[in-house]
Amino acid sequence: MMHEIDLFDSTLRDGSQGEGISFSVEDKIKIVLALDSLGVRYIEAGNPGSNPKDLEFFQKARDLHLKHAKLVAFGSTRRKGISSAEDANLASLVASKTDTVSIFGKSWDFQVTEIIRTDLDENIQMIEDSIRFVCDTGSEVFFDAEHFFDGYLANPSYAIDTLNAALAGGASTLVLCDTRGGVLPETIGRITAEVASIFPGIPLGIHAHNDIDCAVASSLAAVEAGARQVQGTLLGFGERCGNACLFSIAGVLSTKMGYDCLSGQSLEQLTGISRKIAEISNVRISHSAPFIGVSAFAHKGGMHIDGVSKNPSSFEHIDPVSVGNERRLLMSEVAGRALMLKRINKVAPELEKDDPVTISLMDEMKRLEAEGYQFEGAESSFDLVIRRHLKLYKPFFTLVHYQTLGSSPYLDPLSEASHAAVVKVKVKGESAITAAEGEGPVNALDQALRKVLEQFYPTLKSVHLTDYKVRVLDSAGATASKVRVLIESTDGKATWSTIGVSKDIIEASWLALSDSIEYKLIADGIAPSDDTN
């Protein structure tokens, strides 16, 4: 039977303090529902006393019916020199009406005397009074011992005194915080074990920041030492370098350490929900992110591909399906004919490894890569290459012409657009033309192309770009250099990448954009028209 670890997600509070992160109330509601469906036990939703947005959220959140998660309000101990009953922050925590409240207080004597500028005894009283005040209203209180590890290293007896004060006030869990994120995992584990021996039977938590890229390792070290609550943010973003990344922690706890950390829910949801929250947060998940990244189970080298094809455990530590991800075998000049055949067989199952068509396709791929194409990041474009080479491809539209127009300043001073594009295509024997504005020529071209095609293929309304990369392939050519454009598109469910190469950056972008649309329509099973020529 798996032991349980409680995950405590702070995306909506600590995560919102990350640079470039901002959530609307509606965003917060969507993230709460996603985290709840994943099986996260606690969701720290903000500080109701800090801003009107958080206050509005807590009011609306009362109507939510969560299956697994408990919402947590977050705030500090009372201010020095006043009673808890006089403290507006504590009053807002009580007014949030959450069953669980997280209160942070100083555990490092330096922070007490130099930052909040009170004496050590007063700080102890602030911790105990504040927690008792909230506990007396019926809420469970977690004590976040801020800067605990730094404080313990500097003055261990005082750091322990702050924990005793929290327990005296009624705290149910002591959360040890590496607030500066600079303590090594080995030290985190040792100190957590020492605290566990001082407070046997008292639930401990860990809250680690990532300033030396050790937040995940520190959190796991604390679990090994006895912590049973792990705080962090699902995608790892937060103040400065971020927080402990809960998707990595959930993956390790579940697949390596034998813990249930998702309230009995399947780990197979991990990738999909992580990507959903990334979309809401407007952040990109690193391709190489463990467990959930698109490259987490991607194989390029011929020996790796051969090994995985024979037995996936040769180069994969878990089955990607177990975390909701998928295996990808990357197309490149080092991949070998066997991988080429796997890709071809998706389109033409009858072809074999030594078939002249397979060999000619390998030659075609090498020719295209010599021109600057790189299919390892754009398998969708390579699928179209296969279809074209096998004469199984019929275009969904043909380009008549496109034109982009730009000016600075733009003609309409009230518009954020800087460019306009006109696109004329032929579909089903019918010509259609439209124009659109955009923030740059490629954005305008993308808007115009989808706009003119949506009238024929409504499924394209769900498609939008999520990434756009340009690489100069021959810098010696200066402004006449060949460029490679790689774009990533999504319809909200699937994600695919396509590529274009040209000395004209607009043309390279057009090639990638048109491939993206063609791939989407093929994937949706829409039949192209015979008269599209």
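These legends describe close-up views of a predicted model.

**View 1. T498 is a buried residue in strand β18.** The strand runs over residues 495-502. T498 has a relative accessible area of 0%. Buried means under 20%, so T498 qualifies. A polar atom of its side chain lies 2.8 Å from the backbone oxygen of A512. Beyond its neighbours within four places in sequence, T498 is in contact with several residues, among them A378, S380, V485, I487 and D515.

**View 2. E146 and K106 form a salt bridge between two strands.** The N to O distance is 2.7 Å. E146 lies in strand β6 (residues 140-146), and K106 lies in strand β5 (residues 100-106). The pair therefore ties together parts that are 40 residues apart in sequence. Both E146 and K106 are buried.

**View 3. E316 pairs with R327 in a salt bridge.** Their closest N and O atoms are 2.8 Å apart. Both residues lie in the loop between α12 (302-310) and β12 (328-329), eleven residues apart. E316 has 7% relative accessibility and counts as buried. R327, at 35%, counts as partly exposed.

**View 4. Salt bridges link R284, D467, K469 and E488 in a network.** Across the whole structure, a search finds 27 salt bridges.

Conventions. Residues are numbered from 1 along each chain as its sequence is written. This is a predicted model: local features need pLDDT of at least 70, side-chain atom pairs count only at pLDDT 80 or more; totals for chains, interfaces and linings use all residues. Side-chain values use heavy atoms; hydrogens and water are left out. Helices (H or I, at least four residues) and strands (E, at least two) are DSSP runs, numbered from the N terminus. Buried means under 20% relative accessible area, exposed over 50%, partly exposed in between (1.4 Å probe, protein chains only). A polar contact is a pair of N or O atoms within 3.5 Å; within protein, one must be able to donate a hydrogen and the other to accept it, and residues adjacent in sequence count only if both atoms are side-chain atoms. Contact means heavy atoms within 4.5 Å. A salt bridge is a side-chain nitrogen of Lys or Arg within 4 Å of a carboxyl oxygen of Asp or Glu.
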